[in-house]
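Subject: Structure handover

Hello,

Please find the structure here, followed by notes on what was found in it.

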Number of protein chains: 2
Amino acid sequence: MNRTTQKIAELDRVIHEPGRLMIVALLSAVEQADFLYLQHETEMNKGTLSSHLSRLEEVGYIEVVKTYRGKIPQTLLSLTAEGRQAFQQYRRRMKEAL
Amino acid sequence: MNRTTQKIAELDRVIHEPGRLMIVALLSAVEQADFLYLQHETEMNKGTLSSHLSRLEEVGYIEVVKTYRGKIPQTLLSLTAEGRQAFQQYRRRMKEAL
DNA sequence: AAAACCAGTTTGCACTGCCAACCTGAATCT
DNA sequence: AGATTCAGGTTGGCAGTGCAAACTGGTTTT
């Protein structure tokens with residue numbers, strides 16, 4: 001297994017998935033974002049977005065805070081330190097591979 | 001949808017799949033390779049490798065030639081012009097996205 | 001008060017990927 | 001001749017993803 005192949009094999013599959021890669025890339029740039037903003041930016045439907053967010057939370061890459069903007073519910077998402085680190089490692093490996 | 005997100009959404013899913021990304025990256029560097037070489041380099045099992053190769057052939061990204069090395073069968077794989085172009089586009093987009 | 005609305009979640013279904021096991025066709029070993 | 005080996009393909013079971021539709025809990029509209 002050569003260097004490139006090795007790097008590809010080591011890519012974090014949770015982040016590699018395009019839907020989640022978009023989410024993580026967006027969150028890496030903004031400190032915090034809400035569900036609707038992510039939905040608008042990624043153009044994913046609610047269901048798909050919701051399940052990707054659950055997965056990212058499950059592995060500890062994002063923090064999910066359910067709150068209210070006035071009286072309507074708002075879900076705030078942010079990368080955890082672990083998520084930020086995982087994304088940076090992903091970027092590094094992918095760049096090295098390509 | 002911002003630039004990064006847009007680029008990620010446009011990534012070619014056939015190539016994005018890590019197993020196939022390894023195959024395409026390997027083939028992009030060697031003109032031609034055989035099945036066993038790819039299996040050794042990628043550490044995939046025969047079944048998985050075989051099905052990824054079928055998929056790549058199906059979309060026209062690789063050419064598959066079944067021949068013989070002495071008396072034992074040998075399957076030779078090579079990127080088509082289209083496959084090479086698709087890989088370059090994939091690399092470009094991924095680099096721009098990250 | 002009933003109907004429509006909004007933010008999200010859950011569910012059901014189709015499709016894809018992964019792995020192990022089995023299958024094929026030809027060669028080699030005993 | 002029968003059993004083993006080898007290259008590679010096919011199959012079956014299981015997990016992950018995408019989408020649409022139904023659902024939940026609360027709010028606004030009529």
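The contact between the two protein chains takes 23 residues from chain B and 23 residues from chain A, where contact means heavy atoms within 4.5 Å. Three residues of chain B, namely M1(B), I8(B) and L98(B), supply 29% of the area that chain B buries against chain A, more than any other three residues. In total, chain B and chain A bury about 2100 Å² between them, with 72% of it on carbon and sulfur atoms. Buried area here is the accessible area (1.4 Å probe) that two parts lose on being put together, summed over both.

Before the rest, the conventions. This is a predicted model, in which local features need pLDDT of at least 70 and side-chain atom pairs count only at pLDDT 80 or more, while totals for chains, interfaces and linings use all residues. Residues are numbered from 1 along each chain as its sequence is written, chains are lettered from A and ligands numbered from 1 in the order in which they are written, and side-chain values use heavy atoms, with hydrogens and water left out.

Back to the interface. Two salt bridges are found across the interface of chain B and chain A; a salt bridge is a side-chain nitrogen of Lys or Arg within 4 Å of a carboxyl oxygen of Asp or Glu. E17(B) forms a salt bridge with R13(A), and the closest N and O atoms are 4.0 Å apart. Three residue pairs are in polar contact between chain B and chain A, both residues at pLDDT 80 or more. A polar contact is a pair of N or O atoms within 3.5 Å; within protein, one must be able to donate a hydrogen and the other to accept it, and residues adjacent in sequence count only if both atoms are side-chain atoms.

On the side of chain B that touches chain A, at least two residues each come from α1 (3-9), α2 (13-16), α3, α4 (35-42) and α6 (81-97) of chain B. Helices (H or I, at least four residues) and strands (E, at least two) are DSSP runs, numbered from the N terminus. By class, that side of chain B has 12 nonpolar, five polar and six charged residues. Ala, Val, Leu, Ile, Met, Phe, Trp, Tyr, Cys and Pro count as nonpolar, Asp, Glu, Lys and Arg as charged, and the others, Gly among them, as polar.

One residue to look at from the chain A side is L26(A), in helix α3 (residues 18-28) of chain A. L26(A) counts as buried because its relative accessibility is 4% (buried means under 20% relative accessible area, exposed over 50%, partly exposed in between, with a 1.4 Å probe and protein chains only). Not counting residues up to four places away in sequence, L26(A) touches Y37(A), L38(A), E41(A), T42(A), N2(B) and T5(B).

Next, the DNA. DNA strand D is surrounded by 16 residues, the closest being R20(A), H52(A), L36(B), K66(B) and T75(B); a residue is near a strand if one of its heavy atoms lies within 4 Å of it. Sugar and phosphate make up 80% of the atoms of DNA strand D that come within 4 Å of the protein. The side chain of R20(A) has an N or O atom 2.2 Å from a phosphate oxygen of DNA strand D. A polar side-chain atom of K46(B) lies 3.0 Å from a base nitrogen of DNA strand D. The residues of the surface near DNA strand D divide into three nonpolar, seven polar and six charged.

Over all chains, the structure holds eight salt bridges. E96(A) and K7(A) meet in one of them (3.1 Å, N to O). That pair links helix α6 (residues 81-97) with helix α1 (residues 3-10) of chain A, 89 residues apart. E10(A) and R93(A) form another, with the closest N and O atoms 3.3 Å apart, and this pair links helix α1 with helix α6 of chain A over 83 residues. In chain B, the side chains of E58(B) and R55(B) form a salt bridge (3.5 Å, N to O). Both lie in helix α5 of chain B, three residues apart, about one turn of the helix. E58(B) is exposed at 63% relative accessibility, and R55(B) is partly exposed at 33%.

Last, the backbone. E43(A) has a positive phi of about 60° although it is not a glycine; E43(A) sits in the loop between α4 (35-42) and α5 (46-58) of chain A. E31(B), also not a glycine, has a positive phi of about 75° and lies in the loop between α3 (18-28) and β1 (33-34) of chain B. E43(A) counts as exposed at 59% relative accessibility, and E31(B) counts as exposed at 63%.

Regards
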